[in-house]
Amino acid sequence: MSVASLAEEAKQKKPAKPIATIQTLRGFKDIVPADQDPWRLVRSTAEHFAEAYGFGEITLPVLEETALFNRSIGKQTDIVEKEMFTFADQSEGSISLRPEATASVVRAYINHGMLNLPQPVKLYYWGPMFRRERPQAGRLRQFNQFGLEVLGDSNPVLDAELINLTYNFFRQLGLSAINIQVNSIGCQDCRKQYRDELVAYYKPKRRLLCEDCKRRLVKNPLRLLDCKQPSCRALRAEAPQIVDWLDEGCKSHFMKVIEYLDGLDVPYVLNPFLVRGLDYYTKTVFEIWHGDQEGGAQSALGGGGRYDGLVEMLGGRATPALGCSIGIERVILVLKEQQVVIKPSYVPQVFIAQIGDQGKIKAMILFEKLRQAGIAAAQNFAKDSLKSQLESANKFGVSHVLILGQKEVLDGTILVRDMENGVQEIIDYNKALPEIRKKLAQRQIAETPLVEKSS
Ligand code: AMP
């Protein structure tokens with residue numbers, strides 16, 4: 001075949017159809033290595049706080065029977081009505097990806113007989129939750145929560161301890177503008193009376209309510225109070241307040257919580273309209289906002305409260321309990337917004353460069369030796385050129401580069417290059433550890449000021 005006809009045939013061949021790439025689902029996202037530092041910081045801080053305050057970690061499944069959420073969160077709530085990822089499983093019936101974890105914690109508390117352990121039982125979790133919400137900044141369909149639950153004790157000091165813990169957690173992370181909102185929504189009895197009062201107040205004003213609130217008036221009147229529509233907001237100002245309907249027990253419980261918070265100097269705002277979106281809450285409820293919530297619902301970093309009836313609702317014996325959860329993606333958004341400086345988890349002190357196959361082998365052995373000795377090293381064994389390895393070393397900002405070239409391999413030595421002044425020195429390969437330690441210690445001494453700066 002002639003060159004011309006080959007060219008003609010190539011021209012006639014249809015270009016290969018590009019293969020479409022696959023994207024993540026709406027509201028789901030990857031967290032790539034470059035974004036991991038804040039995640040590590042928040043997680044290690046969360047674990048430290050939980051362990052220090054006596055919480056034990058519980059890891060729970062992400063899939064549960066749908067009935068668990070219907071019964072606990074409540075059928076009339078937004079979450080159960082429209083936000084759950086629910087599937088019919090071939091053998092398990094209706095199952096759902098968990099929209100939150102408190103219900104699972106309570107299920108586990110009952111299933112594992114934790115009612116028989118010394119009370120209260122304090123548990124914490126970390127992991128993904130799933131809600132089919134309209135995705136936007138700070139609102140995802142898969143998001144992560146750190147949660148704390150305290151089961152088996154009604155003492156109001158526990159409510160204050162939990163609020164204090166979360167407040168200090170945010171302070172430890174370096175976040176400013178933390179705004180704690182507190183309210184009591186009483187027990188089932190006082191809430192029933194209050195609900196009637198609320199309906200009596202709103203009914204004559206029904207036509208002024210938004211469509212959602214018209215439905216809420218019948219299904220879940222308390223939720224009228226956290227509608228964001230300006231017209232509903234205006235009506236709320238004159239609405240009856242739950243604190244006026246608390247019975248003696250609920251009132252004195254709430255007063256105690258407030259007393260403890262005052263004693264601890266935890267700043268808070270009494271918010272008579274804070275009701276939370278889930279049915280299982282009783283008595284104390286709280287939310288942690290960043291700045292002013294009026295700006296948008298996405299400013300809530302976390303929230304929680306008591307759920308004294310939930311263990312019983314899920315088949316256990318009557319057990320008072322409380323908990324809270326914090327939305328990690330939102331915390332990270334604020335960390336970024338406030339430009340909180342986050343140290344990377346691994347900061348190499350030295351870089352190991354190599355030339356040739358034998359150089360690579362010796363470099364890999366040395367790298368593992370240094371790692372075991374607690375010296376943080378970086379490397380790029382796939383690179384052959386010394387120049388590009390030195391460039392990498394520069395990017396890492398290491399103080400020394402350890403070079404294993406052909407000559408060094410033959411001599412059983414390492415060429416150590418001081419990256420600050422360019423001075424090079426030869427050391428014995430077999431004495432690498434003490435020699436490198438000595439150099440790093442000298443560098444540290446040189447960098448420590450002789451006289452502490454007065455502040
Ligand atoms: P909740 O269980 O609804 O009180 O949520 C507790 C916290 O989880 C909220 O304050 C948010 O920080 C976070 N959160 C809730 N829903 C979402 C979501 N769809 N996307 C991201 N974070 C969320």
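In the predicted model, helix 2 passes helix 12 in a right-handed crossing. Helix 12 spans residues 328-337, and the axes of the two helices come within 10 Å and cross at roughly 115 degrees. On the side of helix 2, the contact is made by Pro38, Trp39, Leu41 and Val42. Helix 12 contributes Ile328, Glu329, Val331, Ile332 and Leu335. By class, this contact has 8 nonpolar residues, no polar residues and 1 charged residue.

Helix 2, which covers residues 36-52, also packs against helix 6, residues 156-172. The angle in this pair is about 145 degrees, and the axes are 10 Å apart. The crossing of helix 2 with helix 6 is right-handed, as is that of helix 2 with helix 12. The residues of helix 2 that take part are Val42, Thr45, Ala46 and Phe49, which meet Leu165, Asn168, Phe169 and Gln172 of helix 6. The residues of this contact divide into 5 nonpolar, 3 polar and no charged. Val42 is listed in the contact with helix 6 and also in the contact with helix 12.

An N or O atom in the side chain of Glu133 lies 2.6 Å from a nitrogen atom of the ligand. The side chain of Arg276 places an N or O atom 2.7 Å from an oxygen atom of the ligand. At Ala300 a polar atom of the backbone is involved, 2.9 Å from an oxygen atom of the ligand. On its own the ligand has 480 Å² of accessible area, and the protein covers 92% of this.

Two loops hold backbone features of note. The peptide bond that joins Gln119 and Pro120 is cis, with omega about 0 degrees. Pro120 lies in the loop between helix 5 (102-111) and strand 5 (121-130). Ala177 is a residue other than glycine with a positive phi, near 60 degrees. The loop that contains Ala177 runs between helix 6 and strand 7 (178-184). Helix 6 is also the helix that packs against helix 2 at an angle of about 145 degrees.

Notes:
Residues are numbered from 1 along each chain as its sequence is written. This is a predicted model: local features need pLDDT of at least 70, side-chain atom pairs count only at pLDDT 80 or more; totals for chains, interfaces and linings use all residues. Side-chain values use heavy atoms; hydrogens and water are left out. Axes are lines fitted to C-alpha atoms, for helices over the stretch in contact, and angles run from 0 to 180 degrees between N-to-C directions. Helices (H or I, at least four residues) and strands (E, at least two) are DSSP runs, numbered from the N terminus. A crossing is left-handed if the near helix is turned anticlockwise from the far one by less than a right angle, and right-handed if clockwise. Contact means heavy atoms within 4.5 Å. Ala, Val, Leu, Ile, Met, Phe, Trp, Tyr, Cys and Pro count as nonpolar, Asp, Glu, Lys and Arg as charged, and the others, Gly among them, as polar. A polar contact is a pair of N or O atoms within 3.5 Å; within protein, one must be able to donate a hydrogen and the other to accept it, and residues adjacent in sequence count only if both atoms are side-chain atoms. Accessible areas come from the Shrake-Rupley method with a 1.4 Å probe; for residues, only the protein chains shown count as cover.
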